[in-house]
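Me: I want to go through the labels on this model one at a time. Set each value against its cut-off, please.

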Amino acid sequence: KALPCLIGLHAAFPCRVPRLRPRTMGAGSAPPGMEVFIPAGLYGMAIAEPAHLDRKLDGKLVYYVEMVRVQSMLLLNYLVMCLFIFQIWAMDQRRQVAECAGRLLMLEIGCVFLFEVRMLVDVRKGVNIIWLLWGAPESAAEPTSGTLLGSPRRPKASAAKAGAVLAHEGAPEEESLISRMYRGIRRSQNDSHEIQWKLDGISRNYRLWCLLSVGVPKLLVSFVLAYLGGLYIIRSPSDGAMVMSTASVVFVAEIEHLLYVAFTSDAMRYNLENMQPVKLPLNNRLRLAGWLVSSVLSPLLTMGIAVLVVYHARRSDCHDFTWTAQEIMSGFQPRLRGAVVH
C-alpha cells in the first residue's frame with residue numbers, strides 16, 4: 001500500500017519519511033511505516049471535508065451549503081478542464097507539424113518531455129489518492145444521523161467535538177473554525193488539544209464514492225491531457241509558439257490548484273493541510289521497489305512517452321520524414337554554421 005508514495009510522489013503528495021526514527025523493536029512491536037498526507041487541493045477537499053461535516057455541529061444550513069459547494073467546485077474543475085481538453089483536441093485536428101525536416105525535432109522532444117514530467121506528477125497524485133483511500137484505517141464507526149454515507153468518519157474515539165466548519169463552544173480547544181478564521185489564530189503543532197481532521201474510520205461506501213468521483217476521474221483527465229497536450233505542442237507553427245504552447249498546456253493542468261486557492265478559506269485550507277496523515281507499512285522490499293521505479297524507470301518511461309508522442313505526430317503528418325541520424329542532426333547544422341560565422 002505504500003508503493004505509490006515511494007515512487008516519487010513527494011513532489012505532489014508529500015510523505016514525511018524523515019520523521020521515522022530508528023528504534024528497538026520488541027516482540028510485539030509493529031514494523032516502522034511512513035506517513036502519507038492527503039493532497040492539498042480540490043481533490044483532497046472533496047475527500048476530507050464531507051467526511052467531517054456534521055448536521056448537528058455545523059448546522060443544517062452550513063452542512064448542505066458546504067456539501068453542495070464542495071461537489072460543485074469538483075464538478076466545475078472537471079467541466080473547465082474538459083472544455084480546455086476539447087478545445088485542444090479541436091485545434092489538433094486543424095493543425096499539422098509545421099516543419100517536417102528535423103530542424104525542430106530536438107525542441108519538440110524537449111518541450112513534450114517537460115510537459116509529460118508535469119503530467120506524471122498528476123498521474124502519481126491520482127494513484128496515490130486511490131492507495132490512500134485503500135490504506136486509510138478502518139474502525140468501528142459510531143452510527144450518527146449527522147454524517148454522510150453511513151457515518152463515513154465518526155469512530156467512537158473521536159467523540160464528535162467538531163464538524164468541518166464549526167465546533168462546540170465553551171472550551172478553548174473547541175473554538176469554532178469561523179472565529180479562528182477572523183481572529184487569525186494558528187494553533188501550535190504542540191497543542192495536544194487541537195482538533196485535527198483525519199481519515200480514520202471512513203466507511204466502504206464513502207471510499208467507493210471518493211474512488212469514483214475523485215480518484216478515477218483524476219487519472220482519466222490526466223492521461224487524456226498528457227496525450228492531447230503533447231500533440232498540441234508538436235503541431236505549433238513555430239519554435240516560439242512551441243514554447244508558449246508548452247506553457248499553455250501546463251496552465252490547463254494547474255486549473256485545479258487555482259480553483260482551490262481562490263475559492264477556499266484560509267481556515268479550511270489550514271485544516272486540510274494539517275490533517276493527520278495515514279500511516280502505511282514500509283519494508284525493504286517496498287523501499288527497493290520505490291527506488292527502482294522512481295529513480296530509474298520513471299525518467300526512462302517519461303522520455304520514452306515523449307519520443308513516442310513525437311514519433312506518432314510526425315508519422316501522421318510527415319510521411320517523408322525518416323528517423324535517421326542525418327535527419328535528427330540536420331537542425332543543428334544551420335545554427336552551428338551561424339555560430340562559426342559570428
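Me: Why does Arg 118 count as buried?

Reply: Buried means under 20% relative accessible area, exposed over 50%, and partly exposed in between (1.4 Å probe, protein chains only). Arg 118 has 17% relative accessibility, so Arg 118 counts as buried. A word on the source: this is a predicted model, where local features need pLDDT of at least 70 and side-chain atom pairs count only at pLDDT 80 or more, while totals for chains, interfaces and linings use all residues. Residues are numbered from 1 along each chain as its sequence is written, and side-chain values use heavy atoms, with hydrogens and water left out.

Me: What makes the pair of Arg 118 and Glu 254 a salt bridge?

Reply: The term requires a side-chain nitrogen of Lys or Arg within 4 Å of a carboxyl oxygen of Asp or Glu. In this pair, the closest N and O atoms are 2.9 Å apart. Arg 118 sits in helix α5 (residues 105–135) and Glu 254 in the loop between α8 and α9 (255–262), so the bridge ties together parts 136 residues apart in sequence. Helices here are DSSP runs (H or I, at least four residues), as are strands (E, at least two), numbered from the N terminus.

Me: Why is Glu 254 called partly exposed?

Reply: Its relative accessibility is 27%, so Glu 254 counts as partly exposed.

Me: Which residues are linked with Arg 118 in a network of salt bridges?

Reply: The network links Arg 118, Asp 122, Lys 218 and Glu 254. Asp 122 and Lys 218 meet through their side chains at 3.5 Å, N to O. Asp 122 is in helix α5 and Lys 218 in helix α7, 96 residues apart. Both Asp 122 and Lys 218 are buried.

Me: What is the N to O distance in the salt bridge of Glu 49 and Arg 69?

Reply: It is 3.6 Å. Glu 49 belongs to helix α2 (residues 42–52) and Arg 69 to helix α4 (residues 60–94), 20 residues apart. Glu 49 has 0% relative accessibility, so Glu 49 counts as buried. Arg 69 has 23%, so Arg 69 counts as partly exposed.

Me: How many salt bridges does a search of the whole structure find?

Reply: Nine. As background, side chains of opposite charge can pair when their charged atoms come close.

Me: What makes α7 roughly antiparallel to α8?

Reply: Helix α7 (residues 204–234) and helix α8 (residues 239–253) pack at about 160°, with axes 8 Å apart. Angles under 35 degrees count as roughly parallel, over 145 as roughly antiparallel, 65 to 115 as roughly perpendicular, and the rest as oblique. The angle therefore makes α7 roughly antiparallel to α8. Axes are lines fitted to C-alpha atoms, for helices over the stretch in contact, and angles run from 0 to 180 degrees between N-to-C directions.

Me: Which residues make the contact of α7 with α8?

Reply: From α7 come Leu 225, Gly 229, Tyr 232, Ile 233 and Ile 234; from α8 come Met 242, Ser 245, Thr 246, Val 249, Val 252 and Ala 253. Contact means heavy atoms within 4.5 Å. By class, this contact has eight nonpolar, three polar and no charged residues. Nonpolar covers Ala, Val, Leu, Ile, Met, Phe, Trp, Tyr, Cys and Pro; charged covers Asp, Glu, Lys and Arg; the others, Gly among them, are polar.

Me: Why is α5 called roughly parallel to α8?

Reply: Their axes come within 10 Å and cross at roughly 5°. That angle makes α5 roughly parallel to α8. In α5, Leu 107, Cys 111 and Arg 118 are among the contact residues; in α8, they include Asp 239, Met 242 and Val 250. The contact of α5 with α8 divides into eight nonpolar, one polar and four charged residues.

Me: At what angle do α4 and α9 pack?

Reply: About 145°, with axes 10 Å apart. The contact is made by Met 73, Asn 77, Val 80, Met 81 and Phe 84 of α4 and Ile 255, Glu 256 and Leu 259 of α9. Its classes are six nonpolar, one polar and one charged.

Me: How much of the protein chain is buried?

Reply: Buried residues make up 44% of the 342 residues. The chain has 13 helices and two strands.
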